[in-house]
Amino acid sequence: MNANYLQTPIAYLKGVGPNRANSLQSELGIHTYQDLINLFPNRYIDKTQYYKINQLQRNSSDVQVIGRLIHLKTVEQKNGKRLVATFKDETGQMELVWFRGQKWIRENLKINTPYVVFGKTNYYNGNFSMPHPEMELLAEHQQGLKVGMQPVYPSTEKLTNKGISNRVINKLIQQLFVDIKGKFTEALSPKIIEELSLLSKSEAMFNIHFPKNQELLAKSQFRLKFEELFYIQLQLIAKNMLHKQRIKGFSFDKVGILFNEFYTNHLPFELTNAQKRVLKEIRFDLGSNAQMNRLLQGDVGSGKTIVALMTMLLAIDNGFQACLMAPTEILANQHFVGIQELLDKMDINIAILTGSVKKSARKIIHEQLESGELDILIGTHALLEDKVIYKNLGIAIVDEQHRFGVAQRSKLWHKNTIPPHVLVMTATPIPRTLAMSLYGDLDISIIDELPPGRKPIKTVHRYDSNRLKVFQFIRDEIAKGRQIYVVYPLIQESEVLDYKDLMDGYESIARDFQQPEYQISIVHGQMKPDDKEFEMQRFVKGETQIMVATTVIEVGVNVPNASVMIIESAERFGLSQLHQLRGRVGRGADQSFCILMTSHKLSTEAKTRLETMVRTNDGFEIAEVDLKLRGPGDLMGTQQSGMLNLKIADIVKDNDILKTARYYALQLLKDDPTLKKDENAPINYTYAQLIKHKNIWKYIS
Ligand code: ADP
Ligand code: MG
């Protein structure tokens, strides 16, 4: 169908008009015919099937059963009355349940008369029940129009209130199909269609809205998901290629004196193979003429810092400055101290800049930075301030990048007229293809190996009622010379209560672990940075054995002698947070432990999280579970959510299709970068249309 025709404003469609057009626009973002035709059903009700009661499965949704009502009764409960009917067919019986409108139902339902009931079933204690079923007398049902697979479109309460029901939307789409005679312009090349045995665009569009049967529905879903993901990938890959051609970067062609000196004389351990591989990837980028934009993923404790440091040395070797930005002062300080120590014997100037650096000291840093005297600047968000001007920043590294927004990352870009190379690091692993799609034009490196000799952390789940035993365990570990973290949740919405929990917890620990035998540190967000740092240092130096803290210690803190992590109210933490916290221990040679303390009241999801933590130490496995539990939206934060605004594909569930789509997009651009070959005309045309109507930009930040 003519693409211009599909751009007609929705108000012109027969049966719409200005009022309905307004509602469709504001509620579903439907502005044009095209938008309407691309409104895909959320699900389908299969009314071709009738179930017998003994065929029902746990949690079946949308099942249709024929039977008779044999009994009706009202059941009184604490939380109100409900009406319960016994419903029977020749294979068994189930219950129909109503919580509302009981009077009307009691007066109108006919006992012992065949009905067709339709709804979602629940299963409890060996019995099926169906709350608030749709009911129709069998006699009437048999006279009615037969519908097969009935599409259910996305909707909102407002739309329903305005009379734009599912049926209305369905009719409008039918109208459109009639208008365009069911013909759609093919959007993929014959080659791709053939190789993947895809339905044609027209067949797929028809069957997504009016499926003839399950099989055709599945094929049209596959075809349309593939197409959607294919065009996103095409755009992302094209953007990345263009970026590499256009954005010139500094070429660090020397692997010079400092890098080699550090590698030969000061590296305190042998790099793991994964670290070596990643360094190679980075060196290759830095030596090419394009600006590097690389994401380094590596589980907690996998040794990202040393990679960051050696990358900075490459910059300095080539006459440039480097900076490293961390999300918290504690972490920035720790990097500063650690890196200073590692570079102790070398002639390199390092400074730290955070919110709490005094004005006078700040001024000196600013000056030395501009004159080029400073080689490495480490710090927090303070690095982004306008006053921070470099002589020649060659590389900017961002640690725990998920803590920063896209805007902050891009600020670093503008610290030079030629943008510096950028390396962002994260310990929140994301499955690779997902990361490639979400982070668009970032290249990706992964450290998938921990330094040798690490013993897996033993993780257990204990209830609050076992606290005495846990305290005894702490005492034993301290007696062996170990140190202990005790972490409390702190969530903004419940901040006051959370602080109370923290202080109560601290007091109870202080009662059981008395001075002078035991020393306790406490660190939380309401303390002054200096005090925090002081307490932190006491723990780092081993002057205190127990560190009571809120999640401020979540990221990056490195105290190898700490071997026990106790997480209070662990049920309130998300999986990735739990994993990050656990990563604070297991850094030394000793066996480390993580104890997840909870109350007895646990949701199913919380149980899954705890079981996952107890079962595995593998960050990628944990990330997969997290993704399944929470969906990708939460995981990525809002900045990347554009990509998740998909019409039909689901970036997690359809990961395999995503991989296929990416593969085909890559092959296509390799083979025909300008899309000028005849066979690729459908793709060239569709791509141009997408860009012209900016549809594709919705997906890409
Ligand atoms: P993360 O990836 O979580 O930032 P770090 O860089 O803080 O991890 O490294 C964790 C610990 O492992 C540090 O104490 C570091 O010195 C040590 N480490 C890093 N790489 C190696 C290695 N190849 N061999 C032994 N220890 C290493
Ligand atoms: Mg780190």
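Q: A polar contact is a pair of N or O atoms within 3.5 Å; within protein, one must be able to donate a hydrogen and the other to accept it, and residues adjacent in sequence count only if both atoms are side-chain atoms. So to start with Ser302, what part of that residue lies 3.4 Å from an oxygen atom of ligand 1?

A: A backbone N or O atom of Ser302 does. Before we go on, this is a predicted model, where local features need pLDDT of at least 70 and side-chain atom pairs count only at pLDDT 80 or more, while totals for chains, interfaces and linings use all residues. Residues are numbered from 1 along each chain as written, chains are lettered from A and ligands numbered from 1 in written order, and side-chain values use heavy atoms, without hydrogens and water.

Q: Which side chains reach ligand 1 with polar atoms?

A: Gln275 puts a polar side-chain atom 2.9 Å from a nitrogen of the ligand. In the side chain of Lys304, an N or O atom is 2.8 Å from a ligand oxygen. The protein buries 82% of the 560 Å² that ligand 1 exposes when taken alone (Shrake-Rupley method, 1.4 Å probe).

Q: How many residues are around ligand 1, and which come nearest?

A: There are 16 (a residue counts if one of its heavy atoms lies within 4 Å). Glu270, Gly301, Lys304, Thr305 and Arg454 come nearest. By class, the shell has four nonpolar, seven polar and five charged residues, with Gly counted as polar.

Q: What is the strand order in the open sheet?

A: Strands are DSSP runs of E, at least two residues, and helices are runs of H or I, at least four. Two strands pair if DSSP finds at least two bridges. Here seven strands run E12-E13-E11-E14-E15-E10-E16, with parallel pairing. E12 (350–353) and E16 (443–447) are the edges: each has a single partner, so one side of each has no neighbour in the sheet. On average, neighbouring strands are turned by 20° against each other, direction ignored.

Q: Where does helix H12 pack?

A: On that sheet: H12 (residues 273–287) touches E10, E14 (393–398), E15 and E16, where contact means heavy atoms within 4.5 Å. The directions of H12 and E16 make about 160°, on a scale from 0 to 180 degrees between N-to-C axes fitted to C-alpha atoms.
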